[in-house]
Amino acid sequence: YAGIKPEVGPVTLDIGVIYYGYDSQEFDEPYTEFKLGASHSYENGAGVGVALYYSPEYFGNTGTATYYEVNGSYPLGKVGPFAVGLGGALGYQEVERATDYTSWRLGLTGVTDAGIEVGLTYHGADEDFGPIGDDRVVIHLKYSFGIIG
């Protein structure tokens, strides 16, 4: 993933490119996706955003794909060293030669002042994609830092 997040007035843009590469002979269908997002954060720490992802040749040689998303977050307060927040998103995927679907996620995230993030999120969709696409709960750990002042 590579991208930039410039600020234009009260809006933060998220412009990027994502490459999905796989190292398995059974699952060797890499593709590239471009992202354009915009978000706004309120004084109380809540935020809203929209995003558009586009792939000229999506996974499995299924043609072009476009994913639209609306998302939001709301701070819940401090728990120990973590600033805890609730976040969610609703998206819609259109794929040229495959099934279109709606997806969603809802989760809790905790972030420390040092940039350590821990989260627990439920992900789901209105299509059954078999074991690889079942609804699931995901735990994540992330560390963020700045390299440009």
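The model is predicted: local features need pLDDT of at least 70, side-chain atom pairs count only at pLDDT 80 or more, and totals for chains, interfaces and linings use all residues. Residues are numbered from 1 along each chain as its sequence is written, and side-chain values use heavy atoms, with hydrogens and water left out. The protein chain has 0 helices and 10 strands, where helices (H or I, at least four residues) and strands (E, at least two) are DSSP runs numbered from the N terminus.

**Overall fold**

- The order of elements from the N terminus is β-β-β-β-β-β-β-β-β-β.
- The C-alpha trace of the protein chain spans about 45 × 35 × 25 Å along its principal axes.
- Of the 149 residues of the protein chain, 26% count as buried; buried means under 20% relative accessible area, exposed over 50%, and partly exposed in between (1.4 Å probe, protein chains only).
- Taking contacts (heavy atoms within 4.5 Å) between residues at least 6 apart in sequence, 33% join residues at least 24 apart.

**Strand pairing**

- Strands β7 and β8 run antiparallel and are joined by 11 bridges; two strands pair if DSSP finds at least two bridges between them.
- Gly87 has Gly107 in β8 as its bridge partner.
- The hairpin of β7 and β8 has 5 residues between the strands.
- Strands β8 and β9 pair in the antiparallel sense over 9 bridges, and Trp104 has Gly124 in β9 as its bridge partner.
- The hairpin of β8 and β9 has 4 residues between the strands, and Gly115 in this hairpin takes a positive phi near 90°.

**Salt bridges**

- The whole structure contains 4 salt bridges, each defined as a side-chain nitrogen of Lys or Arg within 4 Å of a carboxyl oxygen of Asp or Glu.
- Arg97 and Glu57 form a salt bridge, with their closest N and O atoms 3.9 Å apart. Arg97 lies in the loop between β7 (82-95) and β8 (101-111) and Glu57 in the loop between β5 (47-55) and β6 (65-79), so the pair ties together parts that are 40 residues apart in sequence.
- Arg97 counts as exposed at 52% relative accessibility, whereas Glu57 is partly exposed at 33%.
- Arg97 also forms a salt bridge with Glu96, with the closest N and O atoms 3.6 Å apart. Salt bridges link Glu57, Glu96 and Arg97 in a network.
- Arg105 forms a salt bridge with Glu69, and the closest N and O atoms are 3.0 Å apart. This pair links distant parts of the chain, with Arg105 in strand β8 and Glu69 in strand β6, 36 residues apart.
- Arg105 is partly exposed, with a relative accessible area of 33%, whereas Glu69 is buried at 8%.

**Nonpolar core and surface patch**

- The largest nonpolar core has 6 residues, namely Tyr31, Tyr58, Ala65, Val95, Tyr101 and Ala125. Such a core is a set of buried Ala, Val, Leu, Ile, Met, Phe, Trp, Tyr and Cys residues joined through side-chain atoms within 4.5 Å.
- Beyond its neighbours within four places in sequence, Ala125 is in contact with Tyr101, Thr102, Ser103, Trp104 and Asp135.
- On the surface, Val50, Val70, Leu90, Trp104, Leu120, Tyr122, Val137 and Ile139 form a nonpolar patch with about 750 Å² of accessible area together. The elements that give two or more residues to this patch are β9 (116-125) and β10 (136-143).
- Patches are made of residues with over 30% relative accessible area and no salt bridge; like charges are joined within 9 Å, and nonpolar side chains (Val, Leu, Ile, Met, Phe, Trp, Tyr) within 5 Å.
- Val50 is in strand β5 and counts as partly exposed at 47% relative accessibility.

- Gln93 lies in strand β7 and is buried, with a relative accessible area of 3%.
- The C-alpha atoms of Gln93 and Thr66 are separated by 5.8 Å, while the two residues are 27 residues apart along the chain.
- Leaving aside neighbours within four places in sequence, the contacts of Gln93 are Tyr58, Ala65, Thr66, Tyr67, Asp100 and Tyr101.
- Thr121 is in strand β9 and counts as buried at 12% relative accessibility.
- Not counting residues up to four places away in sequence, Thr121 touches Arg105, Leu106, Gly107, Arg136, Val137 and Val138.

Notes:
Accessible areas come from the Shrake-Rupley method with a 1.4 Å probe; for residues, only the protein chains shown count as cover.
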